[in-house]
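This briefing covers charged side chains and their pairings. The sequence and structure come first, followed by the terms and the findings.

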Amino acid sequence: APRSPHRKESGAPRSPLSPVRSHPVDSQTTTSTHLAIPPAAHHFTFSIDLRSIKDFHSTATLMVFLRYSYPFFGSAAPILTNPPVEIRKGMEVILPQSFCAFDFACTIQQLQETFLRVPLVIEVWHRDKQLSQDVMIGTGELPLDRIVTTDKFKVSSTTGSPGWRQTFHDRLGITASDSSHQKVGEVCFVLCLEDWGPITAQQIVVQQEAPPQPVIGSPARSPKVSRKVVSPEQPRETAEYQAAVELEMWKESQEQMFENQLKQKEIMYMKALAEEWKKRDREREIIMKKKLAEYTQSEEKLRKTLLDLQKREKQMAANEQEVTRQRVELQREHDRKLQEMKEASHRMKEDCHHQVELERMKVREIEGIVERYKNELGEMEKKYRSLEKDFAVYKEQQNSKPEVRLQSEINLLTLEKVELERKIDALSKSKLHYKQQWGRALKELARLKQKEQASAKAELKRQQQELEHMRLRYLAAEEKEVVNSEKRELEELKNELSKLKKLEEEKGKFGNEDSPRDGTRPFQPDLDLSLDDHISRLIEERDTLLRTGVYSTQDKIIAELDRQIRESIAQKKTNAL
C-alpha cells in the first residue's frame with residue numbers, strides 16, 4: 001500500500017498520498033494520475049508525542065535528545081527532538097518539538113501485523129560539545145501493539161468526515177546501550193491512531209486533481225477543469241485533454257517554484273552550516289589550546305614525578321642494601337644465639353642427667369640403708385626373743401636360788417650405777433658444747449640443704465618429697481612400734497626391779513651385815529629414772545630434728561641418736577637383768 005509520512009512539527013503542512021501511475025478498470029489509456037491503493041485500504045493518521053524524559057543513572061549533566069524512525073509510515077528519515085535539553089540525575093524535563101503525525105493508507109490487518117512484528121525503537125542521545133559528537137545513552141521500544149486494543153472514540157475531521165480515534169499513554173523504560181542493560185531513565189509518551197475509514201474512488205480522483213501544497217507560504221490552488229462533451233474524433237478538443245494539459249503546465253510551474261524554494265533553502269542552510277562550522281572550528285581551537293596547556297602542565301608534572309621517582313628508586317636501592325646488610329647481621333646474630341642456646345641446653349641437659357644420677361644414687365643408698373635397718377630390725381627381734389628366753393630362764397633360776405644371785409646382781413647394779421652417774425656427769429658437761437656445735441651445724445646444714453633443694457628440678461623434688469614422706473611414715477611407724485615395745489619392756493623391768501627391791505627389803509630385816517646391799521637399795525630407782533629421762537630426751541631431740549624437715553633418717557646425726565637410744569635401751573635391759 002502506498003504510504004506517505006507527514007510530520008506535524010513547527011507548523012509544517014500535511015502532504016498528500018504519494019501518486020503512482022496505473023491503469024483504470026476499463027483498461028482505457030489515459031494521462032491522468034491515479035493511486036495504486038487496495039480496495040480494503042483505510043486512511044490512517046498516527047501521531048507520536050514524546051512529552052518528557054526522566055534520568056535515573058547519570059552522574060553529570062547531559063544534553064539529551066530523542067531519535068526514531070519507522071519506514072512503515074512512509075519515510076526512513078529519522079525523526080529528532082530539537083533542541084537538546086539539559087538533564088541531571090533524578091530530574092524530569094519536557095522535550096521540545098517532540099510531536100509528529102503520519103498520514104498513510106493500508107489495510108487494518110497489515111497495520112496490526114506490522115505493529116505486532118516490527119517494534120518502534122526510541123534512541124536517547126547525548127550531544128557532547130567537547131568531543132563534537134553524539135553519544136548514545138540507551139534505547140527503548142514503544143508498545144505499538146497496545147494502541148490496537150484500546151477503546152475507540154468517534155471523531156470528525158475538519159472536512160466533516162467521520163472517523164475513529166484510539167489513544168494510549170504510558171512511561172517507557174530506557175535501557176543502557178552497554179553490556180550492563182541497566183535502566184537509566186523513563187520517557188513519557190502519548191500515541192494516537194485515527195481511522196478515517198476506507199478510501200473510495202471519488203476520494204482518489206479528488207486527491208489526484210489536488211496538486212501538492214508548497215512547503216512555505218499558502219497552498220496553491222489547481223486550475224479549474226471544465227468538462228465538455230466532445231466527439232471521439234477530436235480528442236485534443238475534449239475537456240479531459242484540456243484539463244490534463246493545464247495540469248501538466250501547472251505542475252511544471254509548481255516544480256519550478258519548488259526548485260527555487262529548494263535553492264533558497266539550500267543557500268540558507270549552507271550559510272547556517274558555514275556559520276556553525278566556523279563556530280565549531282573556533283570552539284575546537286579553544287578546546288585544543290586548552291588541551292595543549294593542560295598537556296604542557298601534565299608534562300611538567302610528569303617530569304617532576306619522574307625525577308621524584310628516580311630519587312625514590314635510588315633511596316629504595318640504598319634502603320634495600322641497608323636492609324640486606326641488617327638482615328645478614330641479624331641472621332648471623334641469630335645463628336650465634338641459636339648455637340649458644342643449643343650449647344647451654346646441652347649443658348643443662350648434662351647437668352640434669354648428672355643430678356638425676358646423683359638422686360638415683362641417693363635413692364639407692366637410702367634403699368640400702370632401709371634394707372640394712374630392716375636386717376638390723378630382724379636381728380634385734382631375734383635378740384629380743386633370745387633375751388626373752390634368757391629372761392624366762394633367769395626368772396626360773398631366781399625362783400630356785402633367790403638369795404645368792406640377787407645379792408651378786410645387786411652389787412653389780414650398784415657398780416654400774418656409779419659408772420653411769422659418772423658418765424651422766426661427763427655427758428651433761430659435753431652436752432652444752434655439743435648443743436652449740438650442733439646449732440651451728442644445724443644452721444649451716446639447713447642453708448646448704450635449702451640451696452641444694454632450690455637447684456633441683458621440681459619433678460625430682462616432688463618425687464623425693466613423696467619418697468621421704470613415705471619413708472618417714474614407715475620409719476616413724478617402726479620407731480613407734482620399737483618405742484612401744486621398749487616402753488613395755490621398761491615397764492616390765494620396772495616391775496621386776498620393784499619386786500627385787502621388795503625382796504632386798506625383806507632380806508634386810510633378817511639382819512644381813514653386808515653393807516653394800518644397804519648402800520645399793522637407794523641407788524637403783526635413781527639409775528632407772530635417769531636412764532628413762534635420757535632415753536626420752538634423745539627420742540625428743542630426734543623427733544624435733546625430723547620435724548624441721550632439714551634432716552632425714554639417713555643423716556648421721558639421726559643415725560647417732562638412734563644408736564644412743566638403742567644403747568641406752570640395751571643398757572637398761574642389762575641393768576634390769
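A salt bridge here is a side-chain nitrogen of Lys or Arg within 4 Å of a carboxyl oxygen of Asp or Glu. By this rule the count comes to 26 salt bridges. This is a predicted model, in which local features need pLDDT of at least 70, side-chain atom pairs count only at pLDDT 80 or more, and totals for chains, interfaces and linings use all residues. Residues are numbered from 1 along each chain as its sequence is written, and side-chain values use heavy atoms, with hydrogens and water left out.

**Salt bridges between separate elements**

- D562 and R542 form a salt bridge, with their closest N and O atoms 2.9 Å apart.
- This pair links distant parts of the chain: D562 is in helix 9 (residues 556–576) and R542 is in helix 8 (residues 523–548), 20 residues apart. Helices (H or I, at least four residues) and strands (E, at least two) are DSSP runs, numbered from the N terminus.
- D562 counts as buried because its relative accessibility is 8%, and R542 is buried at 4%. Buried means under 20% relative accessible area, exposed over 50%, and partly exposed in between (1.4 Å probe, protein chains only).
- E194 forms a salt bridge with R165, and the closest N and O atoms are 2.8 Å apart.
- Here too the pair links distant parts of the chain, with E194 in strand 12 (residues 183–198) and R165 in strand 11 (residues 162–176), 29 residues apart.
- E194 is buried, with a relative accessible area of 10%, whereas R165 is partly exposed at 31%.

- The side chains of R336 and E333 meet in a salt bridge at 2.2 Å, N to O.
- R336 and E333 are separated by about one helical turn because they lie 3 residues apart in helix 4.
- R336 is partly exposed at 37% relative accessibility, and E333 is partly exposed at 33%.

**Negative surface patch**

- E248, E252, E255 and E259 form a negative surface patch. Patches are made of residues with over 30% relative accessible area and no salt bridge, where like charges are joined within 9 Å and nonpolar side chains (Val, Leu, Ile, Met, Phe, Trp, Tyr) within 5 Å.
- Lys and Arg count as positive and Asp and Glu as negative, while His and the chain ends are not counted.
- The place of a charge is taken as NZ of Lys, CZ of Arg, CG of Asp or CD of Glu.
- E252 lies in helix 4 (residues 239–400), and it counts as exposed because its relative accessibility is 54%.

Technical notes. Accessible areas come from the Shrake-Rupley method with a 1.4 Å probe; for residues, only the protein chains shown count as cover.
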